[in-house]
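Please walk me through this structure. Keep it brisk, and give the cut-offs along the way.

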Amino acid sequence: QVQLVESGGGLVQAGVSLRLSCAASGRTFGSYAMGWFRQAPGKEREFVAAISWTGGMTIYTDSVKGRFTISRDNAKSTVYLQMNSLKPEDTAVYYCAAEARGPFTKATMMRIQEYDYWGQGTQVTVSS
């Protein structure tokens with residue numbers, strides 16, 4: 001069992017940065033690939049980024065490439081999402097999720113049903 005708790009969301013103006021954190025409970029954090037998803041009002045939950053078990057590989061959706069960076073610290077059982085140059089269209093509830101089975105490919109990591117555990121989400125609102 002893994003419990004995930006996101007933090008770091010808020011209301012910001014376009015162009016600024018935010019860093020989201022996702023703290024995991026349990027001793028097996030390093031066994032999971034981690035993903036970030038987001039859900040805007042009236043829209044389906046969508047993939048944002050994923051990071052492999054050791055942090056050596058990352059995957060991003062096209063709309064955030066070059067602006068967002070996913071990272072993890074297995075010693076702290078935490079995954080991060082650094083979001084730079086935020087845009088109003090980044091407004092959403094951001095969720096972190098843990099995935100155990102792999103393989104670590106974009107096709108796999110983009111699928112919501114691949115993930116075993118989810119956090120409760122943190123709201124990010126970007127004003128223009």
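Cys 96 has a relative accessible area of 0%, so this residue is buried (under 20% relative accessible area; exposed is over 50%, partly exposed in between, with a 1.4 Å probe and protein chains only). Cys 22 is also at 0% relative accessibility and therefore counts as buried. A disulfide joins Cys 22 to Cys 96, with an S to S distance of 1.9 Å (the criterion is a pair of cysteine sulfur atoms within 2.5 Å). The link connects distant parts of the chain, 74 residues apart: Cys 22 sits in strand 3 (residues 18-24) and Cys 96 in strand 9 (residues 92-99). The S-S torsion of Cys 22 and Cys 96 is about 50°, so the disulfide is right-handed. The structure holds one disulfide.

A note on the basis. This is a predicted model, where local features need pLDDT of at least 70, side-chain atom pairs count only at pLDDT 80 or more, and totals for chains, interfaces and linings use all residues. Residues are numbered from 1 along each chain as its sequence is written, and side-chain values use heavy atoms, without hydrogens and water.

Now the sheet. Four strands form an open sheet in the order 1-3-8-7, with antiparallel pairing. Strands are DSSP runs of E, at least two residues, numbered from the N terminus; two of them pair if DSSP finds at least two bridges between them. Strand 1 (4-7) and strand 7 are the edge strands, each pairing on one side only. From one strand to the next, the twist averages 15° (axes are lines fitted to C-alpha atoms, and angles run from 0 to 180 degrees between N-to-C directions).

Strand 7 pairs with strand 8 (residues 78-83) in the antiparallel sense, over six bridges. Within strand 8, Leu 81 is the bridge partner of Ile 70, and Val 79 stands opposite Arg 72. Four residues lie between the two strands of this hairpin, where Ser 77 takes a positive phi near 55°.

Last, the surface. The largest pocket is lined by 13 residues, with Arg 38, Lys 43, Glu 46, Glu 89 and Asp 90 nearest its centre.

How values were computed. 1 Å grid on protein atoms, 1.4 Å probe; cavity = no way out; pocket = protein on both sides within 12 Å on 5 of 7 lines; lining within 4 Å.
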